[in-house]
Amino acid sequence: MLIVASIITAVLTIIFVKLSFAVIGLRRKNQVGLGSGGHEDLERAIRAQGNFAEYVPFGIILIACLELNGAPWWLVAIPGITLIIGRLIHAVGINVPPPDFSKRVLGMKFTFVTLISLALLNLGWLLYKLV
């Protein structure tokens, strides 16, 4: 059963929907159907949503694989929580005018470290189970 992965995925989905609503709201406010129309706030919102959509699926897949392969719940939960934290920090950093690049960079560091850790955890857990 994918209990931990399901919870993490649900939280990440809620964050993604919130980022999407932010884009929709700014598109309506600025009457922009496609692209950013030169509006910096809309461009930031688009990139926050897009960046989230680019990185999170890999994390979800790796978290689900780890749980499916029988890793303990805490070994699945910890990287899931760090992925959520990293994506939230990044979204705040890119969306607050002027962009707070220190938060954006910190969010990306959390994300990259989490994704690399999940890849290594999956490989390590498989080796552990096979030996």
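The protein has 4 helices and 0 strands, where helices (H or I, at least four residues) and strands (E, at least two) are DSSP runs numbered from the N terminus. This is a predicted model, in which local features need pLDDT of at least 70, side-chain atom pairs count only at pLDDT 80 or more, and totals for chains, interfaces and linings use all residues. Residues are numbered from 1 along each chain as its sequence is written, and side-chain values use heavy atoms, with hydrogens and water left out.

Next, display the C-alpha atoms, which fill a box of roughly 60 × 30 × 20 Å along the principal axes. Of the 131 residues in the protein, 38% are buried, that is, under 20% relative accessible area with a 1.4 Å probe, protein chains only.

Now select helix 2, which covers residues 40–68, and find Glu67 within it. Which residues does Glu67 touch, leaving aside its neighbours within four places in sequence? Glu67 is in contact with Met1, Leu2, Ile3, Val4, Ala5 and Val76, contact being heavy atoms within 4.5 Å.

Finally, return to the whole protein and its contacts. Among contacts between residues at least 6 apart in sequence, 67% join residues at least 24 apart.

Terms used
Buried < 20%, exposed > 50% of the residue type's maximum accessible area, 1.4 Å probe, protein only.
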